[in-house]
Amino acid sequence: MSLAQNTFSDLKRLAGSENVLTEAEDLIPYSFDGTAALRQMPGCVVFASTRELVSGILKLANQAGAAVVTRGSGTGLSGGSLPSPDCIVLCLARMDKILELDRANLTLLAQAGATTQTIADAAAAAGLFYPPDPGSMKISTIGGNVAENSGGLRGLKYGITRNYVMGLEVVLPDGEVLWTGNKCVKDVAGYSLRDLFIGSEGTLGVITKVLLKLIPKPPAKSTMVATFARMDQAAQTVSDIIAAQIIPCTLEFLDRTTIHCVEDFAKVGLPLDCEALLLMETDGHPGPVAEEAARIQDIARKNGAVEVRLAKDDSEAARLATARRSAFSALARVSPTTILEDATVPRSELAKMIRFVAGVAQKHRLRIGTFGHMGDGNLHPTFLTDERNQEEMHRVEEAFREIFDEAIRLGGTITGEHGVGVAKKSFLPKFAGDAQMRVMRELRKVLDPNAILNPGKMFD
Ligand SMILES: Cc1cc2nc3c(=O)[nH]c(=O)nc-3n(C[C@H](O)[C@H](O)[C@H](O)COP(=O)(O)OP(=O)(O)OC[C@H]3O[C@@H](n4cnc5c(N)ncnc54)[C@H](O)[C@@H]3O)c2cc1C
């Protein structure tokens with residue numbers, strides 16, 4: 001598909017020329033997302049401000065046979081908002097309003113371009129809580145979070161984006177507008193189309209509004225850091241905490257490489273003389289929180305923790321959480337190319353998977369920093385490499401293949417939260433199997449017969 005001059009003129013007439021970018025230097029920032037080593041110039045970028053405009057653009061794209069790649073903030077880590085050649089990038093970042101906070105029903109309605117942080121802040125201002133907190137929450141949009149079904153640091157106790165989506169307004173590829181879901185806690189009328197659009201990675205429709213569930217804010221929180229001389233001890237601590245039927249809200253892991261990079265970057269006073277660090281948080285009512293915190297510290301010590309530290313106040317707790325959120329950025333500073341993956345395994349297989357990743361790094365002579373949502377079994381092996389070194393990139397690809405194969409073998413998945421996009425589409429058939437692939441392809445064809453939305457993503 002290639003964009004014709006008259007398509008540019010039609011788009012400018014529809015959206016206003018000030019909302020359409022066509023010059024090469026303006027398009028460059030939209031030619032990549034957060035995924036390393038993927039770049040493609042689009043044909044143009046259009047900023048949408050209303051649902052009607054989104055609908056008009058999709059109708060026009062259908063007539064012109066033009067591809068449309070929906071974009072939030074472009075922080076995706078699987079190439080989901082990477083443009084296809086000559087496509088229209090449909091950017092929703094300016095549709096960023098909170099439309100309603102309903103205290104009686106504990107819901108929040110937002111435009112898809114609102115950032116996750118704006119939503120969390122609006123909920124907090126009303127004394128409520130929106131738990132999903134991807135590391136990118138300051139800039140990622142709620143539309144992007146829904147399209148990727150994003151997780152975060154609190155997934156273990158509170159779940160992921162899917163668990164908070166009550167309704168969606170979606171513009172279908174032919175421009176028709178669909179509402180799915182509502183404020184009812186229970187609703188079993190028809191297929192759950194809402195669930196179909198969650199995690200659809202911009203391939204089935206353009207989400208324009210999101211209705212979210214909010215919950216009461218936990219009154220107390222306790223944050224702890226434990227360090228270990230061996231990775232196995234940290235993994236065993238996680239297993240023992242879960243086996244003791246304690247579900248912390250955060251159970252995050254950093255390996256030696258990541259700890260050093262984070263401390264160098266964020267300077268929060270992390271202990272450096274260790275192989276593994278666990279950041280753990282428990283929340284709820286003050287009594288149970290204090291009791292759980294004591295049991296967690298006990299379990300860490302029994303597993304040989306070198307040091308167990310309890311954050312003395314909210315500001316220290318916030319500094320530690322910020323340090324963990326900065327892990328990817330901190331690792332990204334030390335090499336020209338940083339490739340972050342999110343292989344995920346059942347929690348019982350975590351220790352095996354961590355050992356496997358370390359073995360792969362050694363075998364292929366690669367530098368890998370691993371961190372992640374340990375309580376969810378969701379690891380982020382992060383390759384510190386250089387895309388200009390073809391020979392090394394070949395070894396990186398081989399290492400990835402081995403890591404994904406092992407994750408599948410252990411009963412895990414090729415992506416726990418970042419999505420398939422372009423980066424993992426070659427691994428999807430092996431993971432999903434023939435029947436699932438057929439149903440997914442047919443669903444996509446029914447909704448988007450002209451294949452205008454995000455072509456080449458998830459599968460061809
Ligand atoms: C530093 C950093 C930390 C991160 N931490 C986490 C983390 O902890 N957990 C996690 O899950 N992810 C994380 N991510 C990945 C990323 O931030 C999430 O996938 C996020 O949800 C993407 O939001 P976005 O607005 O940037 O979407 P984009 O990157 O713009 O788009 C992502 C996908 O969603 C589609 N899309 C976007 N908006 C819409 C819409 N309105 N309607 C339909 N489709 C749409 C796009 O086509 C694309 O396929 C992190 C990324 C970075 C850079």
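This is a predicted model: local features need pLDDT of at least 70, side-chain atom pairs count only at pLDDT 80 or more; totals for chains, interfaces and linings use all residues.
Residues are numbered from 1 along each chain as its sequence is written, and side-chain values use heavy atoms, with hydrogens and water left out.

Around the ligand are 34 residues, where a residue counts as near if one of its heavy atoms lies within 4 Å. Thr-70, Thr-75, Ser-136, Thr-141 and Ser-150 come nearest. By class, this shell has 22 polar, 8 nonpolar and 4 charged residues; Ala, Val, Leu, Ile, Met, Phe, Trp, Tyr, Cys and Pro count as nonpolar, Asp, Glu, Lys and Arg as charged, and the others, Gly among them, as polar. Helix α5 (142-148) gives the largest share of the shell, 5 residues, and strands β3 (68-71) and β10 (206-213) each supply at least two. Helices (H or I, at least four residues) and strands (E, at least two) are DSSP runs, numbered from the N terminus.

A polar side-chain atom of Ser-150 is 2.7 Å from a ligand oxygen, a polar backbone atom of Gly-76 is 2.8 Å from one, and a backbone N or O atom of Gly-135 is 2.9 Å from one. The protein covers 95% of the 980 Å² of accessible area that the ligand has on its own, by the Shrake-Rupley method with a 1.4 Å probe.

Strand β8 (residues 165-171) holds Glu-169. Is Glu-169 buried or exposed? Glu-169 is buried, because its relative accessible area is 1% and buried means under 20%, exposed over 50% and partly exposed in between (1.4 Å probe, protein chains only). Its side chain makes a polar contact of 2.9 Å with the side chain of Arg-51 and another of 2.6 Å with that of Thr-208. A polar contact is a pair of N or O atoms within 3.5 Å; within protein, one must be able to donate a hydrogen and the other to accept it, and residues adjacent in sequence count only if both atoms are side-chain atoms.

The second largest pocket has a volume of about 610 Å³. On a 1 Å grid over the protein atoms alone, a pocket is an open set of points with protein on both sides within 12 Å along at least five of seven lines, a cavity is a set where a 1.4 Å probe fits but cannot get out, and lining residues have an atom within 4 Å of a point. Grid points are joined across faces, edges and corners, and a volume is the space filled by probe spheres set on the points. The lining of this pocket has 29 residues, and α15 (428-447) gives the most, with 7. Met-458, in the segment after α15, is one of the residues nearest the pocket centre. Met-458 is buried, with a relative accessible area of 9%, and its phi is near 70 degrees, a positive value in a residue other than glycine.

The largest cavity holds about 60 Å³ of space. Its lining has 7 nonpolar residues, no polar ones and 1 charged, with the largest share, 3 residues, from α11.
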